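Subject: Structure for your review

Dear colleague,

Please find below the structure that I am handing over to you. My notes on what was found in it follow directly after.

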Amino acid sequence: MSIVRTYAFVLKAIRFGDTSVIYRLFTRDQGVVPVMARGVRRPKSRFGGVLEPFRHLQVIYYSRDNRDIQTLSGAELVTTYSAITESLERMEAGGRWFRLLRAVLPDRAPAVTMFDLVPVALDRLCRTPVARTSRWETFHRAAAVAHLGVSPELTMCVACGRPVDGSETPSFSIVDGGVVCSQCRRERTGCRSLSPAEYALLNLYHHPDYELLEQLDENANGDAKVRDLVREFVRYHADLRPGAA
Ligand SMILES: [Zn+2]
């Protein structure tokens, strides 16, 4: 048995018995870890009511390799993102994003870079105007799965490998996972045409720098269509179960 002290976010909570809860934690050091918090629903619980979603926590638990559910011994609040829980739109967008994390993260496998995205993303969500939560969600869905190696090819044709250099606007193929040049497009089905503005937007959604996207007007031409493409790409390539997307 070992004692683990690490940072965590609550992904899911399931009531157990009269006073306990089993939490699925996304921990920085060990990835997704289910833990039992005994007595957490008692009025004077030692966990002090900090185990809620959208909270950056520091946790201590006893870990045994032969057990599926570990025993939580302590939890302290690092940061609370109250601007999320004060807005229904932000809470729904954040909730859907957490469901995506739950669906794509493997159990007990460290995912440090993905973990470090969470406080950054939640901090941005707090500052996101309600009209832009869909843009926040789409960008961070793409960013989360990019940490698992899922990102589209946007600089060369996925069929022939020819660089896409701006002299033509490519099409996009969800199934093939990237852009298709005008020549290869003739022999393929299911490609979506992109206008130059939509191609530029698609690049912004898959760019590491969120600030570029934040500067754009929320009614930018083609934004809704590109958001749909990005979500469809993530759903298809991250192999999401129905309901997770
Ligand atoms: Zn081609």
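The protein falls into two parts, domain 1 (2–142) and domain 2 (145–237), with bounds taken from an automatic or database domain assignment. This is a predicted model, in which local features need pLDDT of at least 70 and side-chain atom pairs count only at pLDDT 80 or more, while totals for chains, interfaces and linings use all residues. Residues are numbered from 1 along each chain as its sequence is written, and side-chain values use heavy atoms, with hydrogens and water left out.

The C-alpha centres of domain 1 and domain 2 are 31 Å apart. Domain 1 brings 19 residues to the contact and domain 2 brings 23 residues, where contact means heavy atoms within 4.5 Å. Between the two domains about 1900 Å² is buried, and carbon and sulfur atoms give 55% of this area; buried area is the accessible area (1.4 Å probe) that two parts lose on being put together, summed over both. On the side of domain 1, the most area is lost by Arg 135, Phe 139 and Ala 142, together 38% of what that side buries.

Three salt bridges are counted between domain 1 and domain 2, each a side-chain nitrogen of Lys or Arg within 4 Å of a carboxyl oxygen of Asp or Glu. Arg 135 also forms a salt bridge with Asp 223 (2.8 Å, N to O).

**Zinc site**

Cys 157, Cys 160, Cys 181 and Cys 184 coordinate the zinc ion through their SG atoms at 2.3 Å; donors are N, O and S atoms within 2.8 Å of the metal (3.2 Å for Na, K and Ca), and since water is not among the atoms, sites may look incomplete. The donor residues follow the spacing C-x2-C-x20-C-x2-C. Cys 181 is buried, at 1% relative accessible area, and Cys 184 is buried at 11% (buried: under 20%; exposed: over 50%; partly exposed: in between; 1.4 Å probe, protein chains only).

Yours sincerely
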